[in-house]
Amino acid sequence: VIAVMREELDSPCTEEIAAFDLFIDYAAQDNWEVVVFDTAPTGHTLRMRYAMNDSTTSLPSELLDATHTLAAALAQAEPIVAYRAARARLDADPIARGLLERVAAAQADLRVRQTREALTHVHVDQLRALQRQAQLNRVTMDYLSAQQSAMAYLPDVSLEISRLPGVDFGALIGRSSC
Amino acid sequence: MASPATPTIVLHPEATAIKETRRAIDELSKLGIHTHELIVNGIIRAPEAANPLFAARRQMQQGYLAQVARELPLPTRQMALLDGEIKGVARLRVVGSRLFDGRSESAMFGTLAHTEPAADRLLVDLADVLPRLLPNGHRRTIFFAGKGGVGKTAASCATAIWLARQDYRTLLLTTDPAAHLGDVLGVPVGDAVAPVAGVPNLFATRIDPKAAGEAYKARILSDARARGRAPR
């Protein structure tokens, strides 16, 4: 999954979103009365503005109502309930959270070393040891498996929605045109 | 975002820039964002059209200015072609005065304000433009957009300097990886917010899209891993 994500993230799109993210950070700071933004040529700006407007939905009200109903129903669905409970346990458990964070940090470190060709067996072994530790922790493992189930459940929902008008919404959602 | 955002499009009085401007205005309006003004840059003033080259170019520009007025009905400010590069705080200050106060602060603009009919229009349009540029108690975000090379950076810098001189605490931002902003300001602009020397109230920084992209990627991937997609 991470490899796929990394590939997806390797696009000029990412730079735009990231730059936009930073821009929002600056623009949200309280110490400015005016923020003047010198943008790159038009296309880029349009995408930025588009991303900015993304948060305010323009869905028609009947669709908006329907999504709210769907979200409420989903929140009651067993895999989602289990996932939220596991997530809450993880959030309340600093040791389990710390473990996952350390695994993530070790993996990020490994990736950097890999690109710099400074990867050694010591680092790989360290990561494996951390991963084993995470696998022994009940809270992290519960969380990970609940997450897997929740992720497997959502495509079923999208399949069910797609059955009606004969459009594969799952395939449409997966492709982000940036 | 809660603060009002105002896109200004900068263009040259030329076919390609007008086309790009129209496209930008259309795209933005589809998103419910209304371009609030245009700045047409590089205008050749009548007294300068003394030689055949400039006379022909001015005639061309006037044609396109008429087209802009006809087809893009937005408040439009004009900026004269200058005798030198727009570079450094002092010159940007002059450009800002020309853009905002409609008056010439130095010999650079000669008697422009008196000889150009555009000067009258400029004052009329400013009444329309200023309320949307000044913060009025809210934080204001001003975007400068447009085709490459039309003067976005110069217009952004001049605007930021002018606003800072009106006592507004102003941040000037760019995503230009080449740090062109620093060249135009005449002071280095780095990755951290820093005050601009010689302009109280003005701060500047650049966003390096490459570096931001890398940081963002690392953050997303480590988030994903923290959520447990990785340890297998």
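Analyst: We can start with the model itself, then go through the chains, the strands and the cores.

User: What should I know before reading any values?

Analyst: This is a predicted model, where local features need pLDDT of at least 70, side-chain atom pairs count only at pLDDT 80 or more, and totals for chains, interfaces and linings use all residues. Residues are numbered from 1 along each chain as its sequence is written, chains are lettered from A and ligands numbered from 1 in the order in which they are written, and side-chain values use heavy atoms, with hydrogens and water left out.

User: What are the ipTM and pTM scores?

Analyst: The model scores ipTM 0.75 and pTM 0.56.

User: And what is the mean pLDDT of chain B?

Analyst: The mean is 78, and 82% of the residues of chain B reach 70 or more. pLDDT is the predictor's confidence in each residue, from 0 to 100.

User: Where in chain B is confidence lowest, and where highest?

Analyst: Helix 4 of chain B (residues 112-115) is lowest, at a mean of 35, and helix 2 of chain B is highest, at 93. Over residues 103-124 of chain B the pLDDT is below 50, and this stretch has 34 contacts in the model beyond near neighbours in sequence. Contact means heavy atoms within 4.5 Å.

User: How many helices and strands are in chain B?

Analyst: Chain B has eight helices and seven strands. Helices (H or I, at least four residues) and strands (E, at least two) are DSSP runs, numbered from the N terminus.

User: And chain A?

Analyst: Chain A has nine helices and one strand. Read from the N terminus, its elements run α-α-β-α-α-α-α-α-α-α.

User: How much of each chain is buried?

Analyst: In chain B, 51% of the 232 residues count as buried. In chain A, 34% of the 178 residues do. Buried means under 20% relative accessible area, exposed over 50%, and partly exposed in between (1.4 Å probe, protein chains only).

User: Back to chain B. What does strand 3 pair with?

Analyst: Strand 2 of chain B (residues 37-43) pairs with strand 3 of chain B in the parallel sense, over five bridges. Two strands pair if DSSP finds at least two bridges between them. Across this pair, B:Ile39 has B:Arg77 as its bridge partner, and B:Ile43 has B:Ala80.

User: Which helix goes with those two strands?

Analyst: Helix 2 of chain B (residues 52-71) makes a right-handed β-α-β unit with strand 2 and strand 3 of chain B. Right-handed here means that, with the strands pointing away from the viewer, the path from the first strand over the helix to the second runs clockwise.

User: Is strand 3 of chain B buried or exposed?

Analyst: Five of the five residues of strand 3 of chain B (residues 76-80) are buried, so the strand is largely enclosed by the rest of the structure. In a regular strand the side chains alternate between the two faces of the sheet. For strand 3 of chain B, B:Thr76, B:Gln78 and B:Ala80 are buried on one side, and B:Arg77 and B:Met79 on the other. Strand 2 of chain B is mostly covered too, with seven of its seven residues buried.

User: What about strand 7 of chain B?

Analyst: Strand 7 of chain B (residues 202-206) is largely enclosed as well, because five of its five residues are buried. Strand 5 of chain B (residues 170-174) runs parallel to strand 7 of chain B and is joined to it by five bridges. Strand 6 of chain B (residues 194-195) pairs with strand 7 of chain B in the antiparallel sense over two bridges. Strand 6 and strand 7 of chain B form a hairpin with six residues between them, and B:Gly198 in the turn has a positive phi of about 90°.

User: Which residues touch the most others in the largest nonpolar core?

Analyst: That core has 49 residues, and A:Val36, B:Leu92, B:Leu172, B:Leu185, B:Val196 and B:Leu202 touch the most other members. Its largest share, nine residues, comes from helix 6 of chain B (residues 152-165). A nonpolar core is a set of buried Ala, Val, Leu, Ile, Met, Phe, Trp, Tyr and Cys residues joined through side-chain atoms within 4.5 Å.

User: What else is there besides that core?

Analyst: A second, separate core of 16 residues includes A:Phe20, A:Trp32, A:Val35 and B:Phe143.
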